Amino acid sequence: MKNNTLKLMGLAVLLFIANSCTKDFDQINTDSQGFTADEVSAKFFLTSAQVGLYAPNRFVYWRAQLINADRFAGHFTFGHTASWWNDGLGYTQNGGYTDATYDWIAGYFGNIKSFSDLTNEGGEFENQYMYAMSLIMKGLYYQMYTDIYGMVPFTEAGVDGILTPKYDDQATIYQGIIADLNQAMSIIGDAAKTGLGVDDVGSNDVYCGGDLQQWKRLANTLKLRIAMRAYGSPGENFAAAAVTEALNAPLLDDASGSVTMRKDFEISKWNSAAYGDPWNDFGGGASKWTVSNVLINTLKDNNDPRLAVYAIPAKGGVFKLVNSTDPDSGEYVDPNHQDRVDFLLGSLDDSGAVYTTSVEVDTTTVEIGGGQFIGQPIRTNGDTRPFMGYDMFSLPSDDITQTRGKEADGYPEIILTSAEAYFLQAEAIVRGLATGDAQAMMNSGIVEAMKIWGISAGEATTYATTQAIADITVGTEEEKLEKIATQRWLLGYTDGFEAWAVVRDMGYPAELAAGVSDPVLFELGLDLNGVYPQRMSYGSGAQENPNFDAALSAQGPNEQNVTLWYAQ
């Protein structure tokens, strides 16, 4: 019976490999006699459960990460002359893109639960340390999930016999995540790895390489993030204690480094994607995007060495902005033409761009020299789109958009960073939740943030010690928090869901959090009326749960303008 079970499990593993998104399973020996007990392990189910949460397939990566999260975060923009869309996409909502995001994240829990069930007590591959890893992965998942939508199924999710779980409020979810993280850290204790031989997850673990103490630091840093985000929210009574606990245990730091996932540019994009997939899959600039003026100006105005790593200079050129006339009436087609020209020129001025203009009858000609870092205004509407020339603006760096088919480092997929651990500690000190040197924490966070992108400690330290944006030794508490929030937002480049959460929670950069108001220039949004998006709408699949209406009654309508608990 035992041998038959092992052969069946071996077959399951092989089927899993055939559909897997990594090469880590090549070590399995597929002989015709099946597997023996020392050849099978839950580790062969780990990698796929990890990868898809941060690097899903291209269908999702394009719709969830890029079209929604990265643009709500204010890092990337559409709406230029080569783009398929104006930059209102996402703010006006699109059922297909909304459903793609919801179906991915709502359905992803099954991947983590399957690994948890395999490794939990009584599971097919029972291993307490792998089970602890599953609890931490569950925490990462639910923090992202609830911060996108607010109320989601948690306490009854995955419970046998419950097919339509209730929706839990964010306070319940946050406390549940912290409880799971505490349990995971207790299980890990002083252990270094999950086992010996086939029971050592090793390189199958694409987050921490099988280092259980790194997992423990990851869990504690996530605990600190959640507690700081919850702090001060209506009715919360657990955050301060959780912050204190987290600060008294090891966090990710300069010695441990960050937890990031190396991109794999050789495997199929339909298993795990990167920005370069939509960037290179379509002709011309149709699917391409630019870098926002908020990001470029923040980097440029503060001599930030990340500027040339995050983006490339604009190509520049000659751009003719023509106000056409109606052949019948002779009147100008666009009565707001000059408003839009002035808006563009004002944006160029804000960026410090060098350009010239000339006006001849109904045509304004703008000539912009190449090689300048210029960001595109965000959230512009369809009528403003013809004024946003593609070559006017900076594009993402080559590391971001590199083509598939070669092994390269590219950009890191951020799970959780040592930089954030330092920034959170600085915030806790500024808020009076801890004692210590907030500026030292800020400086260390900046060094760690830049390290991710290959910037030297020397350059990072120069920035941290010379730029006012990094100085939290002066100013009011709110001014100090603004600077910390801005660094966390900059850190979130390519981690759009988290960067978006930072803006909603802390209100900075203020230019983003303020939303927009002028319908001549901007897309106000379907239900936003110019407000900064506070959540994504549930997908149509959520309505199949009979508890859906109760969630709306408790949280508010299924609209993007509903402020979530942690941001209130």
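Helices (H or I, at least four residues) and strands (E, at least two) are DSSP runs, numbered from the N terminus. Counted in this way, the secondary structure of the protein chain comes to 21 helices and eleven strands. The structure is a predicted model, in which local features need pLDDT of at least 70 and side-chain atom pairs count only at pLDDT 80 or more, while totals for chains, interfaces and linings use all residues. Residues are numbered from 1 along each chain as its sequence is written, and side-chain values use heavy atoms, with hydrogens and water left out.

## The chain as a whole

Along its principal axes, the C-alpha trace spans about 90 × 55 × 50 Å.

A residue is called buried under 20% relative accessible area, exposed over 50%, and partly exposed in between, with a 1.4 Å probe and protein chains only. By that cut-off, 59% of the 568 residues count as buried. The accessible surface, computed by the Shrake-Rupley method with a 1.4 Å probe, comes to about 21600 Å², of which 49% belongs to carbon and sulfur atoms. Contact means heavy atoms within 4.5 Å, and among contacts between residues at least 6 apart in sequence, 72% join residues at least 24 apart.

In soluble globular proteins, nonpolar side chains tend to be buried together. A nonpolar core is here a set of buried Ala, Val, Leu, Ile, Met, Phe, Trp, Tyr and Cys residues joined through side-chain atoms within 4.5 Å. The largest such core has 160 residues, and those with the most contacts inside it include L53, Y141, W215 and I446. Helix 6 (residues 128-149) gives the most to this core, with 14 residues. Leaving aside residues up to four places away in sequence, Y141 touches L53, I105, A106, Y108, F109 and I112. A second, separate core of 19 residues includes L321, L344, F387 and F522.

Two strands pair if DSSP finds at least two bridges between them. An open sheet of three strands has the order 7-9-8, with antiparallel pairing. Its edge strands, each pairing on one side only, are strand 7 (317-322) and strand 8 (355-360). Neighbouring strands of this sheet are turned by 15° against each other on average, direction ignored; the angle is taken between axes, which are lines fitted to C-alpha atoms.

Strand 9 (residues 363-368) pairs with strand 8 in the antiparallel sense over six bridges, and strand 7 and strand 9 also pair in the antiparallel sense over six bridges. The table names some of the residues that stand opposite each other.

| Residue | Opposite residue in strand 9 |
|---|---|
| S358 | T365 |
| T357 | V366 |
| G317 | I368 |

Strand 9 is mostly covered, since five of its six residues are buried.

## Backbone exceptions

Most residues other than glycine have a negative phi, and most peptide bonds are trans. V361, although it is not a glycine, has a positive phi of about 55°. This residue belongs to the hairpin of strand 8 and strand 9, which has two residues between the strands, and V361 is exposed, with a relative accessible area of 76%.

R379 likewise has a positive phi, near 65°, in a residue other than glycine, and it is found in the loop between strand 9 and strand 10 (395-396). Is R379 buried or exposed? At 2% relative accessibility, R379 counts as buried.

The peptide bond from Y508 to P509 is cis, with omega near 0°, and P509 lies in the loop between helix 19 (496-506) and helix 20 (510-513).

Definitions and conventions: Axes are lines fitted to C-alpha atoms, for helices over the stretch in contact, and angles run from 0 to 180 degrees between N-to-C directions.
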